[in-house]
Amino acid sequence: MFSFTVRGSDGPARLGELQTPHGVVQTPAFMPVGTRGAVKAMRHRELEDAGAEIILGNTYHLLLRPGDELIARRGGLHRFIGWPRPLLTDSGGFQIYSLAARRAMTDEGADFQSHLDGTRYLLTPERATDIQARLGSDIAMVLDECIGYPATRDAAAAAMRRSVRWADRCRRRLLDVRAGSVPDVSATNADQAQFGIVQGGMFQDLRDESAAATVAVGFEGYAIGGLSVGEPADQMYAVAVDTARRLPAERPRYLMGVGTPENLVECVARGIDMFDCVLPTRNARNGQLFTSQGRINIKNARYAEDDGPLDPQCGCYTCRHHSRAYLRHLFQAGEMTAGALNTLHNLTFYLDTMRRIRDAIAFRTFETFRQEFLRAMSTGAP
RNA sequence: GGGGAGGUGGCGGAGCGGUCAAUCGCAGCAGACUGUAAAUCUGCCGUCCUAGUGGCUACGGAGGUUCGAACCCUCCCCUCCCCA
């Protein structure tokens, strides 16, 4: 039921199609982040209209509230949130990194203290797998240990090797769940795919070791984790391209947590098929908007009487109906409509960018597109 | 007419002899944000500049006391409340 087909390429850039139990995803794809079962400020209808084919949910956050068993009782995450299309769930591995201050680590797993009420939760590879099986996402991620930048070689190696051991445990557990041999865990998506995650910090030999070991375990797809954690963009590109080369050509490659519009184009150019990032949604709520001519901060006084659209080349609802002056006013006034309109625009810009990337690969004009895109993004919005 | 309270930076509101260009909040200006503890956070916010343990002007107005005043005294101006 789950499959990935490479339909074309232009250099390392690939055009593909991801078949999931809940529909098809064209790649290269950008996946909006909906941590708690909602892409902040968006309705599903608007996401579909903007062209989102798959969105993310988060194991850690959904475990804390409302709970994986409650969601399972409602028939799984798709039915619970009313999103019939593909869903990917992150494992909580990123929270091991981002919530480092309130978690303790052992090889067994990560012991979290809930940021909501202090309750302790032990998130093990098995538990992360079970939770995602109950959620029934189309793609589940293995539990991994992501580390920051800079990191010593020893720290990167330790986190990478633990991630490999955990990947193996996650895979075994999923196979057990599929076989129906794990009591109390009934999957709400019989054809759930599982992706492994390559770690290794900025050390290429560690990345190579991680890729080889993760591929040896065997997954439906492979992710590159632990990037965009503070390293310079060039270093991120270098690690991404070298790691992507070590992954099987017939499986999707997912670069986790990346990135800026420029990052997306540059990483597609290096063989990446899937991305997710909070930047378009979070920055929209904070007033930073991505346009075809670069970024603008709608809070700036210079837009107070600007009657033009946010991005004259954008066809989203926000750009068709509202002026920069109005958007600035809504933001300054603290109206929640500002967050909604801004998020709709940023996601439309990201998803349009992915569409243009796919077209460029299909027409084998990707390199030209890439150069023009990067130039346009750096001109600076008026 | 009598009694009382009070006038501080764009606004609200601290301060009540030196460490006050003046706490704090709001507003304003700018910046950050990359598998979301984020509709969050940071910086600036009298004025001038070479931007600093810098200069200047400042706490209703005018005088005064003091080494030193937003803070004490005198007079004036103005607000608000109560009683007539």
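The crossing of α10 and α15 is left-handed, a term applied when the near helix is turned anticlockwise from the far one by less than a right angle, right-handed being the clockwise case. By class, the contact of α10 with α15 comprises five nonpolar, no polar and two charged residues; Ala, Val, Leu, Ile, Met, Phe, Trp, Tyr, Cys and Pro count as nonpolar, Asp, Glu, Lys and Arg as charged, and the others, Gly among them, as polar. The model is a predicted one, in which local features need pLDDT of at least 70 and side-chain atom pairs count only at pLDDT 80 or more, while totals for chains, interfaces and linings use all residues. Residues are numbered from 1 along each chain as its sequence is written, and chains are lettered from A and ligands numbered from 1 in the order in which they are written.

Helix α10 covers residues 261–268, and its axis is 10 Å from that of α15, at an angle of about 165 degrees. Axes are lines fitted to C-alpha atoms, for helices over the stretch in contact, and angles run from 0 to 180 degrees between N-to-C directions. The value makes α10 roughly antiparallel to α15 (over 145 degrees; under 35 counts as roughly parallel, 65 to 115 as roughly perpendicular and the rest as oblique). On the α10 side the contact is formed by P261, E262 and V265, which meet R370, F373, L374 and M377 of α15. Two residues are in contact if their C-beta atoms, placed from the backbone, lie within 7 Å.

The secondary structure of chain A amounts to 15 helices and 16 strands, where helices (H or I, at least four residues) and strands (E, at least two) are DSSP runs numbered from the N terminus. Chain A has a radius of gyration of 20 Å, close to the 21 Å that the globule rule gives for 382 residues, so it is as compact as a globular protein of that length. The radius is taken over C-alpha atoms, and the rule is 2.2 Å times the number of residues to the power 0.38. The C-alpha trace spans about 60 × 45 × 40 Å along its principal axes. Of the 382 residues, 52% are buried (20 or more other C-beta atoms within 10 Å of the residue's own; exposed means 12 or fewer, and partly exposed in between, with C-beta atoms placed from the backbone). Among contacts between residues at least 6 apart in sequence, 70% join residues at least 24 apart.

Two cis peptide bonds are described here. One joins T27 and P28, with omega about 0 degrees; P28 lies in the loop between β3 (23–27) and β4 (29–32). Another joins R65 and P66, with omega about 10 degrees, and P66 lies in the loop between α2 (59–64) and α3 (68–73).

Positive phi values in residues other than glycine occur at S228, near 60 degrees, and at R364, near 55 degrees. S228 is located in the loop between β12 (221–224) and α9 (233–245) and counts as buried, with 20 C-beta neighbours inside 10 Å. R364 is placed in the loop between α14 (336–362) and α15 (366–378); with 14 other C-beta atoms within 10 Å, R364 is partly exposed.

N283 belongs to helix α11 (residues 279–285) and is partly exposed, having 19 other C-beta atoms within 10 Å. Residues up to four places away in sequence aside, N283 touches Q288 and N346. The C-alpha atoms of N283 and Q26 are 25 Å apart in space, with a sequence separation of 257 residues.
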